Amino acid sequence: MNTSTLIQKVWNFCHTLRDDGVGYGDYLEQLTYLLFLKMAHEYAAPPYQRDTRIPKGYDWATLRPLTGEPLEAQYLATLHKLGQQGGMLGAIFFKAQNKIQDPAKLSRLVQMIDEQSWVGMDADTKGDLYEGLLQKNAEDTKSGAGQYFTPRALIQAMVACMRPKPGQTIADPACGTGGFFLAANEWLTGTGPWLRDHGDWLGHETPRLTKTQKQFLRDATFHGNEIVAGTRRMCLMNLVLHGIGDLVGEPSVERADALIAEPRRTVDLVLANPPFGKKSSMTITNEDGEEDRDALTYERQDFWETTSNKQLNFLQHIVSMLNARGRAAVVLPDNVLFEGGAGEKIRKKLLETCDVHTVLRLPTGIFYAQGVKANVVFFDNAPKDGRVHTKGVWFYDLRTNQHFTLKTRPLKLTDLQDFIRCYNPGNRHERVATDRFKFYAYEDLIARDKASLDVFWLKDESLDNLDDLPTPDVLQQEIIEHLEAALSAFRDVAAALPRFAKT
């Protein structure tokens, strides 16, 4: 079976299951379990003959010949047993459930996976197949999976600006399905269509990796956290299919709240898009069985301020993750740039203790989560010597007079070409101002109300030129985005109001 035929077959079966009410996310999970078992089976056979640590009687060879109810029963027993194991096995099968209720369709899926040799398949092929399913899952707004999926063009632009090098460690404290890790891996190995198509203007040169560097890239480069078990499962499988990590051993992504404690290690690079939503919270069930949500704060000695604002906590945590020469590129919502109180104090400390050198103001309409106005903030760690390390910040406005939607005009890497050129990754200290790229000195920024970094200077041309309005579908999407953003802000205000006892 050739590659295109296999991909079409996997997609077609997904549509068959959707007719039975099995969504992309559920299909992805079942595909993950079965792919893991099949690949482990292949590794256990010649020429590899590896110990995959799968208990006898719960492996692919036991599952494969069964049909009907015996297959369903064995599959359930396998999921339960492997979920109790340690290492990567336990991570993949943690709280695994069978979402395919028709044994005949489960049998067809098993046979489809069994027909293909997955270990020998090109990493780009099987990786792209899985990534495609992840993107379809993100586009399915009912599933809510879009909050874990960052637009790949934006990730690629951030990686192109940061230019990771062999031997560097890279972390993401809220890694979702692993998009930043995959793009960084592609940059370091010279793989991926985006580099083949745009490598010239990106200034990419594939490094010649030694055997030691290749092993480090596979096993020790990436470190992540993902608190949602199902998303973590997909992330780990996504990485393995792209040649990162191993079926045997410890997972590189922890299933833990990254904010709960100081990081156990510091890293060279942090690339992240922390989850949207301002408030950290936990659900409390009272004596009457009623649920309530209490604001969750993190008491950390290394944090500048204690706050229940999740975005501000992630920003503080990311600073603590950087080693002496560490660098970060982080997607943050607008409120982090202008909010008062703890937000103002944290911004001032960030400008003082780090070199905050670039802010990319992102357009609306590029995220699967509605109502998001966001930016990418680039900063470098600096010595803790009491001096102010931010001399000034360069702002690039990709928002004003820019109109994108997820379906009719999605963000492409070429839309970020001018920003990457202005960023000048080869030497960011030699930059030239343009209409969209402006420099603001530290003294001017700190003198602004609340030390706001919510800076804009371009005029919205659509306000004056009614003949040059965006298309109706774009206007409709922008209205939805603005309404969602307003609703989100109102919810935050309502959540902050004191609760009154029921009368």
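Modeller: The second largest pocket is lined by 28 residues, and Gln135, Pro151, Arg152, Ala153 and Gln156 lie nearest its centre. A pocket here is an open set of points on a 1 Å grid over the protein atoms alone, where a 1.4 Å probe fits, with protein on both sides within 12 Å along at least five of seven lines; lining residues have an atom within 4 Å of a point. This is a predicted model: local features need pLDDT of at least 70, side-chain atom pairs count only at pLDDT 80 or more, and totals for chains, interfaces and linings use all residues. Residues are numbered from 1 along each chain as its sequence is written, and side-chain values use heavy atoms, with hydrogens and water left out.

The volume of this pocket is about 700 Å³. That is the space filled by probe spheres set on the points, which are joined across faces, edges and corners. By type, the lining holds 14 nonpolar, eight polar and six charged residues. Nonpolar covers Ala, Val, Leu, Ile, Met, Phe, Trp, Tyr, Cys and Pro; charged covers Asp, Glu, Lys and Arg; the others, Gly among them, are polar.

Now the helices. At least two lining residues come from each of α7 (123-139), α8 (152-162), α9 (179-189) and α10 (193-202). Helices are DSSP runs of H or I with at least four residues, numbered from the N terminus. The largest share is that of α7, with five residues.

So what does α7 look like? It has 17 residues and reaches 24 Å from its first C-alpha to its last, close to the 24 Å expected at 1.5 Å a residue. The expected span is 1.5 Å times one less than the number of residues. Buried residues of α7 are Thr125, Lys126, Gly127, Leu129, Tyr130, Glu131, Leu133, Leu134, Asn137 and Ala138. Buried means under 20% relative accessible area, exposed over 50%, and partly exposed in between (1.4 Å probe, protein chains only). An α-helix has 3.6 residues a turn, so residues three or four places apart point the same way.

Glycine 132 also sits in α7. Is glycine 132 buried or partly exposed? Its relative accessible area is 22%, so it counts as partly exposed. Glycine 132 and isoleucine 7 lie 125 residues apart in sequence, yet their C-alpha atoms are 9.7 Å apart in space.
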